[in-house]
Amino acid sequence: MGEPRVFPLNKKNPAQRAATHCMEQFLASVEKRAFSMAAMAVGNRDDALDIVQDAMFALVRRYRHKQRDQWRPLFFTILNNRITDWHRRHKTVSRWQLLREKFVGDDEDDGFDPGVLEDTAGPQPEQLVFSQHALEQIESAVSGLPPRQQQAFMLRCVEGFDVAETASAMSCSAGSVKTHLSRALAALRTQLEEVR
């Protein structure tokens, strides 16, 4: 992806030029991760690129007047909404799943907190070397997660959002985030057992 040019520079207005530069820096800082997230979610590079660009345009159009520290959660909220919209359009998320998440999933909370996970065995020498094969297996496993689990995993474990930020980005409750993440981690542990 090239550097996004979401709105033209106005060379006559230094304040606007500085704001534009600041927004472009922000977009450049998140574009690769956003593209990876979208590509894993939809399994198609062209669609992923469209989703990321659309999310960037939406951020600039609607929220460029906000403080810079608000851009990151707003951008990933928009990105997740675009990914969800894509799945709805492609009917990969069943109506039943959407209903279940809306009416039942929000109240689910298994008490799982990924912050308490620790590796009691410690890293083994062979584990310190991550092969390209292992990374491909991890990417494939994450790509195979259901969309909501994938979103929870990417926002919490990759982007480092806390539960509240993730819940806001996913438009669901904190309990639902914990449930999605717990299920995602359980599925990934099973699928990636041979990579460990």
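**A close look at the aromatic rings**

Tutor: Happy to! Let's begin with confidence, since this is a predicted model. Among the elements of the protein, helix H2 (residues 45-63) has the highest mean pLDDT, 93, while helix H4 (residues 95-103) has the lowest, 48. Over residues 102-109 the pLDDT falls below 50, and this stretch has 15 contacts in the model beyond near neighbours in sequence. Where pLDDT is low, the predicted coordinates should not be read in detail. For the protein as a whole, the average pLDDT is 78, and 71% of the residues score at least 70.

Next, the setting for your rings. The protein is built with nine helices and zero strands, and 39% of its 196 residues count as buried.

Now to the rings themselves. The structure holds four aromatic pairs. Take Phe76 and Phe161: their ring centres are 5.5 Å apart and their planes stand at 85°, over the 60 degrees that edge-to-face requires, so this pair is edge-to-face. Phe76 belongs to helix H3 (residues 68-90), whereas Phe161 sits in the loop between helix H7 (147-158) and helix H8 (163-170), so the pair ties together parts that are 85 residues apart in sequence. Both Phe76 and Phe161 are buried.

Among contacts between residues at least 6 apart in sequence, 67% join residues at least 24 apart.

Note on methods
Residues are numbered from 1 along each chain as its sequence is written. This is a predicted model: local features need pLDDT of at least 70, side-chain atom pairs count only at pLDDT 80 or more; totals for chains, interfaces and linings use all residues. Side-chain values use heavy atoms; hydrogens and water are left out. Helices (H or I, at least four residues) and strands (E, at least two) are DSSP runs, numbered from the N terminus. Buried means under 20% relative accessible area, exposed over 50%, partly exposed in between (1.4 Å probe, protein chains only). Contact means heavy atoms within 4.5 Å. pLDDT is the predictor's confidence in each residue, from 0 to 100. Rings of Phe, Tyr and Trp (its six-membered ring) pair if their centres lie within 6.5 Å; planes under 30 degrees apart count as stacked, over 60 as edge-to-face and the rest as tilted.
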